[in-house]
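Reader: Could you take me through the packing and strand pairing of this structure, with the cut-offs behind each term?

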Amino acid sequence: MNAISIRDLNKWFGSTHALDDLDLDVAEGEVLGLLGPNGAGKSSAIRVLLGLLRADSGQIELLGGDPWRDTASLHQRLAYVPGDVSLWPQLTGGEAIDLLGRLRGGLDENKRQVLLDRFHLDPSKKGRAYSKGNRQKVAIVAALASNVELLILDEPTSGLDPVMEAVFQDCIKAESAEGRTVLLSSHIMSEVEALCDRVSMIRAGHIVESGTLTELRHLTRNSVSATLDRMPDDLGTWSGVHDERTDGSRVTFDVDSDQIGSAMAALSGYGIQTLVTQPPSLEELFLRHYDRGEQ
Amino acid sequence: MAGFGQILRLDARLDRVRLPFWILAIVALPVSAFASYETLFPTAEQQARANLTVGSNPALLFLFGPSDLSTAGGFTTFRSAMFGGLFVALMAILTVVRHTRAEEDSGRAELVSSARVGRYTFLVAAFTLASLAGIAAGGLAALGLIGLGADTTGSVVLGASLALTGVVFAGIAGICVQFGAYARTATSLALGVLGASFLLRAWGDTSTSLAWASWLSPLGWTVKVQAFSEDNVLPLLLMLAAGTAGLALGIALRGRRDLGMSLIPPRDGSPHASRFLSTGFGLTARLQRPGLISWGVGLMIAGIVVGSVSGSLGDVLGESGFGSAFAGGGDFESIFLATLVSVLGILAAGYGIQAAIRARSEETEYRAEPLLATPLTRLRWFGGYLVFAFGGSALVVFGAGVTLGLAARAFGAEAPFSDVVATAAAQTAAIWVLVGIATALVGLLPRAMFIAWIALAITFVLTIFGPLLDLGDTVLGISPFRHIPDILGGDFEAQPMLILFGIAGLLMLAGLVGIRRRDIQ
């Protein structure tokens with residue numbers, strides 16, 4: 001059963017094709033990372049899911065309903081943290097948390113207090129007095145204290161310091177352990193690697209890659225660095241090998257993940273002295289994807 | 001003052017579309033008045049009659065100060081000194097707030113301040129830009145008038161009075177932005193000062209015993225200049241001095257506060273929301289309450305001022321030699337009350353429009369988004385604003401009618417209290433049409449909210465100048481206020497009111513349908 005299921009979603013803003021045949025699935029209980037550069041359509045997709053934007057075409061199912069038609073009843077079951085939190089200048093953070101929580105149908109008073117303590121957030125300051133990070137904490141506490149089925153988080157930690165980032169990751173793990181579904185749009189690779197079961201990469205309004213981190217890694221290349229007794233002179237012709245460079249007795253190259261076995265076998269004939277292979281980090285996956293996209 | 005040149009250029013560039021529009025609108029007032037005088041009043045007899053009509057109309061005296069319509073220059077001053085002065089003052093206030101407090105609110109000032117920019121640069125640059133805009137408006141108006149063959153001295157003096165009104169209010173706004181913690185508060189403060197100067201001037205001009213009161217008002221000085229007839233220089237000097245003093249005070253106060261903070265530091269509030277703050281409407285009420293109170297109190301004070309002078313209009317007009325044109329005090333009074341109640345109604349519509357538009361600004365400032373991601377529906381969310389826009393505007397005009405009626409009775413006016421209040425209440429039908437336009441815009445054309453303000457301005461011009469300019473019923477009928485029955489004159493017709501309510505209802509419906517269907521920013 002999918003908590004979110006989007007097929008062929010299109011959204012135009014004037015002549016800008018913001019979402020271009022976007023497909024996205026989030027299974028119930030999973031944490032899905034939505035990765036993409038600025039302007040790729042992450043926020044637009046989320047705003048369609050929240051019923052704030054009307055899709056121009058496509059099928060969208062959110063918790064079994066239509067986000068545009070069944071807005072109010074669906075919103076009872078989800079909580080949302082925007083990337084750029086704007087608070088009411090005349091309200092305190094505590095008032096904003098209570099208001100948003102009550103609008104969602106009530107919040108867990110104990111959990112609210114625990115979260116305030118964990119995030120070191122003073123709820124009696126007025127909206128203006130909070131820094132960007134503290135405004136985000138207000139939205140995070142309001143969302144997490146509501147005990148909903150689905151959390152939609154749009155770059156929720158871009159203003160948090162590393163200590164608070166760690167607290168945030170702990171909280172999301174705890175939510176996930178309780179069976180909640182999380183859609184996390186993020187720029188922070190370590191956060192996605194630590195939290196997400198699956199990742200979807202979005203570029204120019206289209207999902208270009210989806211899968212678990214292992215699956216995604218499999219689609220790309222490992223980097224190999226070795227010191228050898230003899231240098232192979234036909235390295236460039238080995239199947240799956242790219243970007244080969246030699247420097248004295250040292251050779252470095254990238255190899256397609258499914259060709260790594262044959263490359264190692266061939267390499268062993270040249271007397272391996274040292275060998276380092278690295279799976280691609282999410283960051284490299286990301287950069288490779290979007291660099292390739294640019295070209 | 002480091003970086004003054006760059007900041008001034010930046011401010012000017014940001015306003016390169018807006019300010020020319022303001023300046024053009026201001027210049028158009030005197031130039032069109034001078035150009036149309038001969039067409040409107042071709043014969044000496046008609047000119048004398050216009051002079052008598054306007055001179056004996058206490059409402060116009062209240063709104064625009066003393067006038068002399070027997071010459072084209074005098075007519076130009078009547079049409080543009082007070083009215084143009086108000087526009088220049090508004091332009092100056094909005095310009096100064098936009099480039100000081102609003103920049104601090106958005107955090108842009110912080111970014112720029114970290115570069116080589118002095119502490120006072122923003123204030124001085126904003127004051128300079130606002131003053132230059134006023135000078136441009138006044139200068140172009142003077143050149144235009146001279147080009148049309150107006151007396152050079154009169155043209156220059158009128159231009160100078162407009163320009164310096166801008167300088168004075170740029171100075172006042174420069175002080176207000178130090179006190180208000182947010183751009184919205186600072187603007188309200190400065191508009192409050194503008195409203196108070198207007199009332200003080202109007203009070204002084206329509207009373208024999210309190211004539212000195214207009215000398216206490218910056219707008220009083222604008223009117224005291226009387227270009228083309230008296231060409232007084234003293235008020236011009238007063239304005240120049242006041243503007244400079246305002247800037248100096250603003251600078252001194254700015255030195256006593258931190259960037260982004262007001263002089264009075266914000267206090268902490270409650271860590272928990274009250275029971276009231278549990279619904280979308282609870283939030284809207286919290287946000288709208290200060291606006292409703294300040295507009296309500298402002299209009300009630302205006303009602304007191306209007307009411308207090310209404311009983312003794314015969315004295316001041318009789319003294320100026322026009323009294324004989326009418327049978328007695330009662331006529332002055334009914335003309336006066338009918339016009340001024342419409343003006344209060346237009347102001348109440350201004351409140352209603354800004355209350356409806358507030359929903360749109362909550363949206364553009366991304367505060368609607370988290371609310372609409374909760375079960376709060378768009379209709380309930382927007383509906384909360386409409387309760388204040390429609391209900392609040394009705395309440396505000398009713399309150400003004402009550403204080404006006406009470407003050408009129410206390411100061412010996414003849415109109416019965418109940419008729420005054422009924423007339424004020426009847427304005428609601430016309431007010432709601434204008435508020436309906438704003439509502440429809442929020443739902444259907446949210447990028448074109450300015451249309452609501454243009455509609456308000458057209459209504460004002462038609463209501464005040466329309467009858468004098470002989471525009472004919474069709475044109476005058478564009479103003480919804482034209483169709484409100486004359487209860488003070490003893491007429492009451494329900495039908496036109498019902499039609500107005502119907503139009504307002506349809507506009508509101510259009511807005512509600514629109515907000516349900518469109519994308520939320």
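Author: Two strands pair if DSSP finds at least two bridges between them, where strands (E, at least two residues) and helices (H or I, at least four) are DSSP runs numbered from the N terminus. This is a predicted model, in which local features need pLDDT of at least 70 and side-chain atom pairs count only at pLDDT 80 or more, while totals for chains, interfaces and linings use all residues. Residues are numbered from 1 along each chain as its sequence is written, and chains are lettered from A and ligands numbered from 1 in the order in which they are written.

Reader: In which sense do strand 3 and strand 7 of chain A run?

Author: Strand 3 (residues 31–35) of chain A is joined to strand 7 of chain A by 5 bridges. Within this pairing Gly33(A) has Leu184(A) as its bridge partner, and Leu34(A) has Ser185(A). The sense in which the two strands run is parallel.

Reader: Which residue of strand 6 of chain A stands opposite Leu184(A) in strand 7?

Author: Strand 6 (residues 150–154) of chain A also runs parallel to strand 7 of chain A, with 5 bridges between them. The residue that stands opposite Leu184(A) is Leu153(A).

Reader: Is strand 7 of chain A largely enclosed or largely open?

Author: A residue is buried if 20 or more other C-beta atoms, placed from the backbone, lie within 10 Å of its own, exposed if 12 or fewer, and partly exposed in between. Thr181(A), Leu183(A) and Ser185(A) are buried on one side, and Val182(A), Leu184(A) and Ser186(A) on the other. Because 6 of the 6 residues of strand 7 (residues 181–186) are buried, the strand is largely enclosed.

Reader: Which helix of chain B gives the most residues to the side that touches chain A?

Author: Taking residues as in contact if their C-beta atoms, placed from the backbone, lie within 7 Å, 27 residues of chain B are in contact with 31 residues of chain A. Helix 13 (280–310) and helix 16 (368–372) of chain B each supply at least two residues of that side. The largest share, 4 residues, comes from helix 16 of chain B.

Key: Two residues are in contact if their C-beta atoms, placed from the backbone, lie within 7 Å.
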